[in-house]
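Visitor: I am new to this structure. Please take me through a single part of it slowly, and then show me how that part sits with the rest.

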Amino acid sequence: MQFQNTLAFAQSLDREDPLAKYRDAFYFPKVNGKEVIYFTGNSLGLQPKRSANFVDEVMKDWKELAVEGHFYAEKPWWDYHERLAAPLAKVVGAKTEEVSVMNTLTVNLHLLLVSFYRPTKKRYKILCEEKAFPSDQYMFQSQVKVHGLDPSTTIVEVKKREGEHHWRTEDVLAKIDEIGDELALVLIGGVNYYNGQVFDMETITKAGKEAGAYVGWDLAHGAGNIELKLNAWGVDFAAWCSYKYMNSGPGNASGIYVNEQYLDRNDIPRFEGWWGTKKETRFLMKPEFEPMENADAWQISNASILSVAPYLASLELFEEVGMTALIEKRNRIVSYLEFVLGEIDKEVESTFEIITPKDRGCQLSVFLHGEGRPLFDYLMKNGVITDWREPNVIRLAPAPFYCSYEDMYRFGQILKKGILGHD
Ligand SMILES: *Cc1c(COP(=O)(O)O)cnc(C)c1O
């Protein structure tokens, strides 16, 4: 399709958009009385209007039933989290029993590493991407130290090539090869938070497994954004937060995936607690731990219901729309945004450089050469919510659930004014 950088054209795309009606299922913040153009769904997704009902229901059950709510609430609390597994499994391409919801992302990565990072004298190295998300770096370093190892000789980073902004799959594979028998774990952000790159998870997982390592993925920027087939790819484990593309609310519950081959086993090292033991015998309060036969075996505490409830609300929407439709719109709206950027670039004779490679999801990371922080401030003041990373990269993630093509057009116009410096 030949795109045009006009309001009428953008509006015609919106009219044809089968997901257009979902915009109204979310609350938009306002600047100067006008709904913002929201590009930070990769950081904190907007609030679905139905989320409050789910939270209110819990508050009401607590008010009226108190402790009895564990068993007699509208959605009983003791197994509330189980309701999320089936819809979430579809989002990440897993079997229902492979998915659970608990804690928060970094906590879950730590817990999963208890099971899947088991260094030996010979096999102890961890492979990750250079400049991984800071929390992941701290997680790696502290895990390594807990095992009495030295991070500098244990953590191996795949680097980008000089002058390039993305990682090459062949370089990841070469590193796996090079580390060989010493490789204990491959754990990479499946979608990089900075450049928006989608890693070839299938190929890398296969290579890591062949080298004899465990392979896991941090899917903070992947879940609800890209097509995932964790089970089919043979991924050992994964975890993601729910507040980015999954719209569950700030700091809310994280999801985990554990491959079926590790389920219903008592011989897996794991940090355990009462919510991971079989629910049939849980309240007999016995000293023996009998793991739940699904990924819930990794649960430790009773679920944080108020953080799980809005995730369930959001998953209803994912269930309704499906990843296929979301991805179709995502591809189109990101292409349109790319087109608009190209058109504005010509008009202002600036040099935008999109550093996101073609293997991408929802996010475009753009170098605004010659522009600085004042442009970012201008955008924010004029109702464009985006984020700025030093030196001068803006990350634009038009979430397909609620962003419109008209938003992309309007953004282009505001960007132009911001650069030309007049109204
Ligand atoms: C957002 C993000 C996190 C956040 O971790 P929390 O434990 O939820 O605070 C971790 N890793 C990556 C790659 C992220 O993008």
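Guide: Start at the loop between β6 (99–102) and α5 (105–116), where N103 is found. This is a predicted model. Look at the backbone of N103: its phi is near 45°, a positive value in a residue other than glycine. Most residues other than glycine have a negative phi.

Now move along to the ligand. Its surroundings include L105 and T106. F133 and D136 also belong to that group. So do D218, A220 and H221. Y243 and K244 complete the list.

Take T106: an N or O atom in its side chain is 2.6 Å from an oxygen atom of the ligand. For Y243, the distance from a side-chain N or O atom to an oxygen atom of the ligand is 2.5 Å. For H221, the corresponding distance is 3.2 Å.

Step back to the whole chain. The protein is divided into two domains. Domain 2 covers 52–321. Domain 1 is made of two stretches, 7–47 and 322–420. The C-alpha centres of domain 1 and domain 2 lie 29 Å apart.

Next, see where the domains meet. On the side of domain 1, 35 residues are in contact with 25 residues of domain 2. The size of an interface is often given as the accessible area lost when the parts come together. Here domain 1 and domain 2 bury about 2500 Å² between them. Carbon and sulfur atoms account for 60% of that area.

What holds for charged and polar pairs? Across this interface the rule finds 0 salt bridges. It does find 14 residue pairs in polar contact. On domain 1, several elements each supply at least two residues of the side that touches domain 2: α11 (323–348), β14 (364–369) and β17 (393–396). The largest share, 5 residues, comes from α11. By class, this side of domain 1 has 19 nonpolar, 9 polar and 7 charged residues.

The loop between β16 (387–389) and β17 holds P391. The peptide bond from E390 to P391 is cis, with omega near 5°. Most peptide bonds are trans.

Note on methods. Residues numbered from 1 in each chain as written. Predicted model: local features only at pLDDT ≥ 70, side-chain atom pairs only at ≥ 80, totals over all residues. Heavy atoms only, no water. Domains from an automatic or database assignment. Contact = heavy atoms within 4.5 Å. Buried area = accessible area lost by both parts, 1.4 Å probe. Salt bridge = Lys/Arg side-chain N within 4 Å of Asp/Glu carboxyl O. Polar contact = N/O pair within 3.5 Å; in protein donor to acceptor, adjacent residues only side chain to side chain. Helix = DSSP H or I, 4+ residues; strand = E, 2+ residues; numbered from the N terminus. Nonpolar A, V, L, I, M, F, W, Y, C, P; charged D, E, K, R; others polar. Near = heavy atom within 4 Å.
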